[in-house]
Amino acid sequence: MENSLILHALVSWKILSYFIVFIGMMIEGDFILFAAAFLTRQGFFNLGIMSVIIFAGVVLGDLIWYELGFKINKWPKIPYLSLKLNHLINDIDYHIAAKPFFVILISKFTYGFHHIVLARVGAKKMPMKKFMFIEFLSAIIWMIVVGGLGYIAQASFAAFKHYLR
């Protein structure tokens, strides 16, 4: 925590820090999850509390995108892009119908694609119970992989920290 105003603020305002992570998980998950796991391993956050906060943020954010697609199921018509967009949407629809779990899981690891997939899943009117089951499983797997990488990265960072000075 030497000479770092950000880390000092994290320690001083823990509740605000947890809230920022929660909101960050709803908006942009990969970087926030990696950073939160990194800082949790460093001892700035409690692992149990952070896991619950991250899971709740991920699920609530994904549920918002699903509901947005459910309510607004009409895609905009752009004359020039219409054929390419329809082709892409048809491909996504095919894969969602064939293997919804794998599409949602893989989309979590694909930056910029996950929210589009969730909105399309909602637009295709996937039953809420089925969506929530898939969402819970894929969120847990994603959290373990990306959060685990952040957690492990801090451990290796601690081992090589003296080389960086």
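Is Trp-13 buried or exposed? In this predicted model, whose local features need pLDDT of at least 70 and whose side-chain atom pairs count only at pLDDT 80 or more, while totals for chains, interfaces and linings use all residues, Trp-13 counts as exposed because its relative accessibility is 56% (buried means under 20% relative accessible area, exposed over 50% and partly exposed in between, with a 1.4 Å probe and protein chains only). Residues are numbered from 1 along each chain as its sequence is written, and side-chain values use heavy atoms, with hydrogens and water left out.

Trp-13 is located in the loop between α1 (5–12) and α2 (14–27), helices being DSSP runs of H or I with at least four residues, numbered from the N terminus. Together with Leu-16, Phe-19, Ile-20, Ile-23 and Ile-27, Trp-13 forms a nonpolar surface patch with about 630 Å² of accessible area (Shrake-Rupley method, 1.4 Å probe, only the protein chains shown counting as cover for residues). Such patches are made of residues with over 30% relative accessible area and no salt bridge, nonpolar side chains (Val, Leu, Ile, Met, Phe, Trp, Tyr) being joined within 5 Å and like charges within 9 Å.

Other residues of α2, namely Tyr-18, Val-21, Phe-22, Met-25 and Met-26, meet residues of α4 that include Ile-49, Ile-53, Gly-57 and Ile-64, where contact means heavy atoms within 4.5 Å. The axes of α2 and α4 (residues 47–71) come within 7 Å and cross at roughly 35 degrees, with axes fitted as lines to C-alpha atoms over the stretch in contact and angles running from 0 to 180 degrees between N-to-C directions.

Lys-108 pairs with Asp-62, the closest N and O atoms being 2.5 Å apart; since Lys-108 lies in helix α6 (residues 100–108) and Asp-62 in helix α4, the pair ties together parts that are 46 residues apart in sequence. Lys-108 is buried at 6% relative accessible area, Asp-62 is likewise buried at 5%, and Asp-62, Lys-108 and Glu-135 are linked in a network of salt bridges.

Within α4, Glu-67 forms a salt bridge with Lys-71 at 3.7 Å between the closest N and O atoms, the two residues being separated by about one helical turn because they are four residues apart in that helix. Glu-67 is partly exposed at 27%, whereas Lys-71 is exposed at 64%.

Terms used. Salt bridge = Lys/Arg side-chain N within 4 Å of Asp/Glu carboxyl O.
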